[in-house]
Amino acid sequence: MKDARIEMMDREYWRSLDQLADTPEFRRFVEQEFPESLPELDNPISRRKFLSVMGASMALAGLAGCRKPVEKIIPYVSQPEEVIPGVPSYYATTMPFGASAFGLIVECHEGRPTKIEGNPQHPSTLGRSNVFMQAEMLNLYDPDRSDGILHNNVKTGWDAFVTFWREQLMHFRQNDGNGLAILTQEFSSPTLFRLGRKFRRNFGSAGFAVYDPVEDIYLPDGKSDGQTAGYRADYHYDKAKIILSLDADFLLTESENVVAARRFAAGRRIKDVDSPMSRLYVVEPELTATGAMADHRLRVPRSMIGTFAAAVVKEMERLRINTGLSDLVGLSGDHQFDNTFVSVLVEDLIQHKGECLIVTGRTQPGLQELAAVLNKALGNSGKTVTYNRVESTASSLQQHDDESLEGIVKSVQAGTLKTLVILGGNPIYDCPASNDLADAIESAGHVIYFGSHVNETAQAAEWHIPSAHFLESWGDTRAVDGTLGLIQPMIQPLFGGKSDIEFLGLIATGEDRRGYDIVRETWSDILKGGDFEKKWRRVLHDGMLSQDRKSTAEYKPKIEKDNRQILAKALATIPTKLSSEDIELTFQVSPKLYDGRYANNGWMQELPHPTSKLTWDNAACMSQTTARSLGVQNSDVIKITNDHGEMELPVWIVPGQADYTISVELGYGRTAAGRVGSGIGANAFKLRPDRQSSFARGAKVTKTGRRHKPASTQDHGAMAGRPIVREADLDTYREDPDFAKEMVEHAPLIGIYPPYDYSKGYQWGMAIDLTACVGCNACTTACQSENNIPVVGRSRVLNGREMHWIRVDRYFTGDPDDPDMVFMPVPCQQCENAPCETVCPVAATVHDKEGLNVMTYNRCIGTRYCSNNCPYKVRRFNFFNYTSHMPDVVRMAMNPDVTVRCRGVMEKCSYCIQRINRAKINAKKENRTVRDGEIVTACQQACPAEAIVFGNINDPESKVSKIKALKRNYALLAEYNLRPRNSYLARIRNPHPKLKGHKLTHG
Amino acid sequence: MAQIFPEWTNKLQTYAAVVVVVLFMAVIGFFWYYGSPKFTDVGYRPEQPVPYSHKLHAGDLGLDCRYCHSTVEFSPVANVPPTQTCMNCHKLILPQSEKLLLVRESWAAKTPIQWVRVHMLPQYAYFNHSIHLWAGVGCVTCHGNVRRMEEVTQMQPLSMGWCLDCHRNPGPNLRPHEELTNMEWTPPDDQAEFAERVIREKKINPPVDCSGCHR
């Protein structure tokens, strides 16, 4: 037992290869927490400018100081009944996201939405959220959203467009829509479906194509003609004991990731030594959040995932599991993967028949069917995987095979397409290399683009109609499991946009109607029978139509005809080996910008990528081996060329990447995103062969000789050499459950100050479960939204000045080419013996009775002593006035319950003191104490894995007390007698005994 | 060698020291008095766009404060009434009054009246009206006797020290719930007993930590 513990203690954790090698650069960064050189001041021109600005603001300050500022109170003219100034209202709505929909509860202050949370009743969020949902708050107030209808880039009015379109319709009514086409992104709205069908009926010969750069995969219906729906797999990670992910980042970038994270964490969260725990095998080319959670991970280039699947099938057949695929893979012959890994994996799956799970994702469209076949063969269908029959946009509205992006490009080139309506998306930016819409579109007659920004597509279009944000419009959605939801506006369109249903309504019928009427017309059909008005109000209140949904359709995968070909293709062995001359490029759906739609969102740009920790840039991510063989180092700019195009990107070495593959995030390289997102990174879509491909082989790399340092936060706030993250495998934990607490031996903890009595009243504390945390960053973004945290920009992130109050650290351990990864969210630890407090010369940071280390901004004089003395590096300093130049519309996103900080002030996590105070006051007014669970911090509320728990540690019955009583609970740096209120539950891994210590090889 | 300075200069140092000390005290005293909210803020009486008289409405006519400031018991903010509240009465009462011109304009044009804030707390201080009323702190305690004011004037310094005086010893400022808006109420002889009972029953424990008001 002792040996296991010693081994754990000897395990080395590192954040970057620089740290592992202990390079001078790394040491310099760590030792100098606040690098003093101000590049702005070194530059004489900007120095002069700085001084002149300073002079001006001093003069103003002098004048303003003489007189009390006059403040105005502006009441309503007639106050809306339900608005109480100072008390937020909460409304339910849903957020459309491709074929999915997220149920939301939106906090509004006097009619101004300020915070988004998940709707606890809605099946796609269950009250939790992800970064994209949080980011929509800033998207709503994006000052770069287009504010008017453009005709040939000249502003005009909605009436002008209506007149133009009615003329067009006159023409198309006569020829049945010949030469007219709609290009749309995937949607789930019943109203849009209804309008789409109306369009089809009115214009029989018109085209209707769906193009999404990040597509959701449907399993075919079986009725290939007149197909109206497909199946989508619903994976129950909580019920599975063994999970195999074939290149599916289901915890972060796949659709339905919020529910996936919650279910996955539920199957892993062990309370006691005898709690069961699932085991996750991941096979993937790039280290993703899901890969970080894996107990066993094999890095395999994306092109060879199918080959790996074939090896699994072969092994299953060998062990007499009838997959029905034996003739496709052949039974003899070896495979090129690690034999032990494959045989242990398959054995594990077979031993857990009916309670295992094979998952694939968007990156492997060809393997969807295979996963269904294998899950059926393993008896998982209906148990760990169920299927939902859903109407997909493409299958229900496209009628001909040539109704696609490819078809549209062809018919424009052929001159048969006269009028093209583009409904949302940004196809000119994100179309794959093979279908260059940008070139084609120039020869089209009329191009009408409906979207939120004057982006790449809008610039090329003849007409641009601004779209309203979903928080500004009426609409409806359908979640993947079929739950219908309503979208209700929280605010009038800020930039005068039209909602998608209003626009499509006009396009399809020529009628210019209000969105509200259009939605109600759809729902009068859905809510048939009984009192419509009553039912409608119910749905509006809940945000969704609550129905009993029994788990749904049964999907029987067939291995015949078309399917057979698809399966055969997917399972085919890829013979050629990759090398530095033949690089495989993998396209990664960005966990920050998605497909580029969040490019103009400062929160998303500054969010550190879960693995690379890059902000404000995408990079060519590769393994150390690849970099060595290419002769490049971090920050070297390389040119990547393939048959379709070329792009230049800085190198970023990421451990865990498959050798000779380069992974590039999509969504960057926007040219017309707006003031935040334009000109950042390179556009990988231009090298993407076709719409579904997630990789491209045969890329060549050449050095440019230039350097560009991407802003990575991986070394920021490093806590050199101390046992920060603590983990063990399940067996060790079972034998030695107290391992985490006892990992550090220290002298008795005696303070120099007399201890304070914290035994009375509320005592706030938090526990973070490292076994559950999937590193998705939802906490960081939610905190940014709740606490008015500024965005600082690339150059300041390079200086280590990012402002996030809760950061997600990630540590590597093991082989530098193929390490394990651990996430660790670090907010202020709220030490009872806080070292920051004793060094503050002005008592700006002090303790309160409830154990909080509080920060009083108006006292702070900015010495930064506190931050220097903080061992956790969680204090953030406002080096500049980040909010003073903010456009007014962005200020509307600010939470009025939290002070906006100015220059020269230190700030840090407050455990959401505004929420604590609100709950305390509400409880007081009802003459009771605060109930457990009444206060939910922003990070806790966002966390899809329920890894963060907050509450009163003085109450032994509170959830947080019970969690802190678990054996794997430990405090960070407890040996310094800081007595932090935050504690962590040690990470437990569940490796297969036969694979423990086994060094993986791959083909 | 002859002395350069005459003898009386020996005492100059003492005089100078006294003068410096006095001056120093004077400067401190000056800022202590003239820089404190007691001097700078008390008595602040800005001109309002509408010559609304609290004395007439709340005093002579006896309207309850909460007729207009209706959210004071439910919200951190005691709302300034919407134009509609004015028009409820003034559609019928003095509908042609010149003083009410701005109110009628606001109602007709649907543009709000811009009142000038009198009681101004810094933006980093989060005061909650509802909890103070719940505890039994009356309007008059902070706002003065508004019923006698023609124009609203700040009567208390509203400084942090002044807030803390009461947070440390809330007893003298507590009153029965039904007397909250009564500006003429005076504490009875048994105030101390009453306060003790209320503090015990309602578990009144006002925060004196920074986190109580600053976020």
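1. A word on conventions. Residues are numbered from 1 along each chain as its sequence is written, chains are lettered from A and ligands numbered from 1 in the order in which they are written. Since the model is predicted, local features need pLDDT of at least 70 and side-chain atom pairs count only at pLDDT 80 or more, while totals for chains, interfaces and linings use all residues.

2. The interface. Chain B puts 36 residues in contact with 33 residues of chain A (contact: C-beta atoms, placed from the backbone, within 7 Å). On the chain B side, two or more residues come from each of α5 (83-90), α6 (101-109), β1 (115-116) and α7 (129-135); helices here are DSSP runs of H or I with at least four residues, strands are E runs of at least two, and both are numbered from the N terminus. The largest share, three residues, belongs to α7(B). By class, this side of chain B has 18 nonpolar, 13 polar and five charged residues (nonpolar: Ala, Val, Leu, Ile, Met, Phe, Trp, Tyr, Cys and Pro; charged: Asp, Glu, Lys and Arg; polar: the others, Gly among them).

3. Strand β2 (residues 72-73) of chain A runs antiparallel to β1(B), and two bridges join them (pairing takes at least two DSSP bridges). Within this pair, Val116(B) is the residue opposite Lys72(A).

4. The sheet in chain A. Seven strands make an open, mixed sheet in the order β7-β6-β18-β17-β16-β8-β9. β7 (154-156) and β9 (207-210) of chain A each have a single partner strand, so one side of each lacks a neighbour in the sheet. Neighbouring strands are turned by 20° against each other on average, direction ignored. Inside the sheet, β8 (residues 180-184) and β16 (residues 419-423) of chain A are parallel over five bridges, with Thr184(A) opposite Leu423(A).

5. Helices on the sheet. Helix α7 (residues 158-174) of chain A lies across β6 (149-151), β7, β8, β16 and β18 (463-466) of chain A, at about 60° to β6(A) (axes are lines fitted to C-alpha atoms, for helices over the stretch in contact, with angles from 0 to 180 degrees between N-to-C directions). Helix α16 (residues 405-414) of chain A touches β8, β9 and β16 of chain A, and its direction makes about 135° with that of β9(A).

Note on methods:
Contact = placed C-beta atoms within 7 Å.
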